[in-house]
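Please follow the explanation below with the sequence and the model side by side.

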Amino acid sequence: MTNNMIDLATQIGAALKAKGLLLTTAESCTGGGVAQAITEIAGSTEWFDCGYVVYSNASKTEMLDVPAALIAQLGAVSEEVAAAMAEGALANSNAHVAVSTTGISGPTGAVPGKPVGTVCFAWSTGHTIHTERKVFAGNRQEVREQTVVYALQGLLRAINDI
């Protein structure tokens, strides 16, 4: 866990607490890394509701209600699936804010148009949803770490915009 992750998680916690909001995470390629960063902060039970690690396509559908047809049409690594993951996490939790990650950490898994390092994100506040697609460089661990940091940075922006 990097200091940057801890600093971001601390800021996120303060912002959520100040606004009386709860957070949920829906993670695939990060394997719970975002939730781990969040729960490194003492007192996070006040503003963190739950996290979903949905690595398989079936779990995305079963736990977060992501339409199987959407995954079949666009692939799990798409902004649309990231958005559905975030919305599903909100619908299946008591949270007000959600972040989701889905991507290809490598070293294998690349497909045409989606090289290793491709990650799709979504941040949802229940009223608005923002998605992004990034391509990170590095090995599996480096891609995952960059993904967690980027997810946390986007989460802080989303909370501050509420």
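Glutamate 46 and lysine 17 form a salt bridge in this predicted model, their closest N and O atoms being 3.3 Å apart. Side chains of opposite charge can pair when their charged atoms come close. Glutamate 46 belongs to the loop between helix H2 (33-39) and E2, whereas lysine 17 belongs to helix H1 (residues 3-19), so the pair ties together parts that are 29 residues apart in sequence. With a relative accessibility of 47%, glutamate 46 counts as partly exposed, and the salt bridge it makes is the one that the structure holds.

The next element to consider is the sheet. Five strands build an open sheet in which the order is E2-E1-E3-E4-E5 and the pairing is mixed. Its edges are strand E2 (48-53) and strand E5 (129-135), each of which pairs on one side only, and from one strand to the next the twist averages 10°. Strands of a sheet pair through backbone hydrogen bonds, either parallel or antiparallel. Here E1 and E3 are paired in the parallel sense over five bridges, while E3 and E4 pair in the antiparallel sense over six bridges, and E4 and E5 likewise pair in the antiparallel sense, over seven bridges.

Alanine 26 stands opposite serine 100 in E3, and the bridge partner of serine 100 in E4 is alanine 122. In the hairpin of E4 and E5, four residues lie between the strands, and glycine 126 takes a positive phi near 85°.

How many of the residues of E3 are buried? Seven of the seven are, so the strand is largely enclosed by the rest of the structure. Val97, Val99, Thr101 and Gly103 point one way from E3, whereas Ala98, Ser100 and Thr102 point the other way, and all are buried.

Helix H6 (residues 140-160) packs on the sheet, where it touches strand E1 (23-27), E3, E4 and E5, and its direction makes about 25° with that of E4. Leucine 155, which lies in helix H6, is buried, with a relative accessible area of 0%. Apart from residues up to four places away in sequence, leucine 155 touches Ile12, Leu23, Val97, Val99 and Trp123; Val97 and Val99 are among the residues that point one way from E3. Leucine 155 and alanine 137, 18 residues apart in sequence, are 22 Å apart in space from C-alpha to C-alpha.

Two further charged residues deserve attention. Glutamate 27, whose place is in strand E1, is buried yet has no salt bridge, and the nearest side chain of opposite charge, that of arginine 144, is 7.7 Å away.

Lysine 114 is found in the loop between strand E3 (97-103) and strand E4 (118-124). Lysine 114 is also buried without a salt bridge, and glutamate 80, the nearest side chain of opposite charge, is 7.5 Å away. A polar atom of the lysine 114 side chain does, however, lie 2.7 Å from the backbone oxygen of valine 77. Leaving aside neighbours within four places in sequence, lysine 114 is in contact with Leu74, Gly75, Val77, Ile104 and Arg133.

Key: Residues are numbered from 1 along each chain as its sequence is written. This is a predicted model: local features need pLDDT of at least 70, side-chain atom pairs count only at pLDDT 80 or more; totals for chains, interfaces and linings use all residues. Side-chain values use heavy atoms; hydrogens and water are left out. Helices (H or I, at least four residues) and strands (E, at least two) are DSSP runs, numbered from the N terminus. Buried means under 20% relative accessible area, exposed over 50%, partly exposed in between (1.4 Å probe, protein chains only). Lys and Arg count as positive and Asp and Glu as negative; His and the chain ends are not counted. A salt bridge is a side-chain nitrogen of Lys or Arg within 4 Å of a carboxyl oxygen of Asp or Glu. A polar contact is a pair of N or O atoms within 3.5 Å; within protein, one must be able to donate a hydrogen and the other to accept it, and residues adjacent in sequence count only if both atoms are side-chain atoms. Contact means heavy atoms within 4.5 Å. Two strands pair if DSSP finds at least two bridges between them. Axes are lines fitted to C-alpha atoms, for helices over the stretch in contact, and angles run from 0 to 180 degrees between N-to-C directions.
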